[in-house]
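Open the model in your viewer and keep the selection panel at hand. The tour starts at the ligand and then moves to the backbone.

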Amino acid sequence: MPAPITAELVAREPIADGIAQLSFALREPPRLQFKAGQFVSIAIPSAGPDSEAVPRRSYSIASQSDAGELLRFIIRVIPEGKASEFLMKLPLGAVVNMTGPHGFFVLDERHPGDVVFGATGTGFAAVMPMLGELARRRESGHESPRSLVLWGARQESDLFARAEIEALVARAGSELRVFLTAPGAGWRGERGRITPALLDRLPELTAPTFYLVGNGAMISELKRELIARGVNRRAQIRTEAFFD
Ligand SMILES: Cc1cc2nc3c(=O)[nH]c(=O)nc-3n(C[C@H](O)[C@H](O)[C@H](O)COP(=O)(O)OP(=O)(O)OC[C@H]3O[C@@H](n4cnc5c(N)ncnc54)[C@H](O)[C@@H]3O)c2cc1C
């Protein structure tokens with residue numbers, strides 16, 4: 001059940017171009033029980049005269065779901081964004097109010113076939129604990145679906161936590177494909193958006209379950225195209241749009 005949470009900012013560091021990682025130590029409750037893929041809603045107090053209605057912003061929990069004492073968030077810093085400014089200026093040691101955990105973008109208990117993640121930008125924050133959960137299921141013999149992870153970004157400098165993500169992908173026995181829409185000259189990886197790349201892979205997938213997260217336009221387009229190709233929206237597609 002979502003509940004009020006207070007948490008103290010204990011670390012903040014840039015991890016990619018315009019992307020920061022923030023860690024909050026839980027004060028009350030001392031530990032958050034959450035499922036991989038869920039998010040919290042953070043209160044963003046405003047200093048202005050009309051600051052009575054405190055705005056809130058949602059952030060996916062990027063830390064592993066078996067380590068709920070320290071919540072980690074991976075945040076795209078939006079220029080002049082209310083929450084971005086608040087979180088980037090917040091002094092270490094400051095305590096913020098949140099509620100959570102929220103959301104139904106979580107791994108199904110069991111999958112009838114393949115698992116496919118499609119994430120853009122900081123949407124990958126939600127995929128990281130989901131990969132960790134898949135890895136733990138695999139290591140405990142609970143289930144071991146074939147899984148594919150597609151990550152889309154603009155350029156190489158937008159990619160974060162590469163070593164950690166590759167280690168998670170390996171533990172989950174997954175396959176990671178990274179696509180850049182505006183790569184620099186040195187990029188030797190794949191180019192373009194994840195939508196056509198994922199649709200190309202569709203014929204070789206068996207009873208797939210899709211987890212789509214990040215840019216809302218990507219999610220709407222992929223959902224529409226998957227449904228047009230016979231994928232069942234309710235049974236096979238899970239989504240979390242960070243913005244329209
Ligand atoms: C369920 C959920 C989980 C989310 N998890 C995360 C997360 O883990 N990390 C994260 O960075 N954001 C996440 N977001 C987005 C976040 O809630 C805020 O919208 C974002 O931080 C911008 O807030 P702001 O007040 O700084 O800027 P605002 O002024 O409110 O936003 C300005 C514009 O920035 C764009 N925008 C918002 N978020 C992003 C983004 N992530 N990447 C690129 N453009 C964006 C949108 O077009 C938005 O209209 C999540 C949103 C939802 C609904």
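How far does a backbone N or O atom of Ser60 lie from a nitrogen atom of the ligand? The distance is 3.1 Å. That is a polar contact, a pair of N or O atoms within 3.5 Å.

Before going on, note that this is a predicted model: local features need pLDDT of at least 70, side-chain atom pairs count only at pLDDT 80 or more, and totals for chains, interfaces and linings use all residues. Residues are numbered from 1 along each chain as its sequence is written, and side-chain values use heavy atoms, without hydrogens and water.

Select Ser84. One of its polar side-chain atoms lies 2.6 Å from an oxygen atom of the ligand. Next, select Thr122. Here a polar side-chain atom is 3.0 Å from a ligand nitrogen atom. Taken alone, the ligand exposes 880 Å², and the protein buries 74% of that (Shrake-Rupley method, 1.4 Å probe).

**The shell.** Now show the 18 residues around the ligand (a heavy atom within 4 Å). Arg57, Ser58, Tyr59, Ala83 and Ser84 come nearest. By class, the shell has nine nonpolar, five polar and four charged residues. In this count Tyr, Cys and Pro are among the nonpolar residues, Asp, Glu, Lys and Arg are charged, and Gly is among the polar ones.

Colour by element (DSSP runs: helices H or I, at least four residues; strands E, at least two). Strand 4 (56–60), strand 5 (70–76), helix 1 (82–89) and strand 12 (237–243) each give two or more residues to the shell.

Then colour by domain, with bounds from an automatic or database assignment. Domain 1 (3–102) and domain 2 (115–243) both give residues to the shell, so the ligand lies between them.

**The backbone.** Most residues other than glycine have a negative phi, and most peptide bonds are trans. Go to Pro29, in the loop between strand 2 (19–28) and strand 3 (39–43). A cis peptide bond joins Glu28 to Pro29, with omega about -5 degrees. Move to Pro101 in strand 6 (residues 95–102). The bond from Gly100 to Pro101 is also cis, with omega near 0 degrees. Finish at Glu80, in the loop between strand 5 and helix 1. Glu80 is not a glycine, yet its phi is positive, about 65 degrees.

Notes: Polar contact = N/O pair within 3.5 Å; in protein donor to acceptor, adjacent residues only side chain to side chain.
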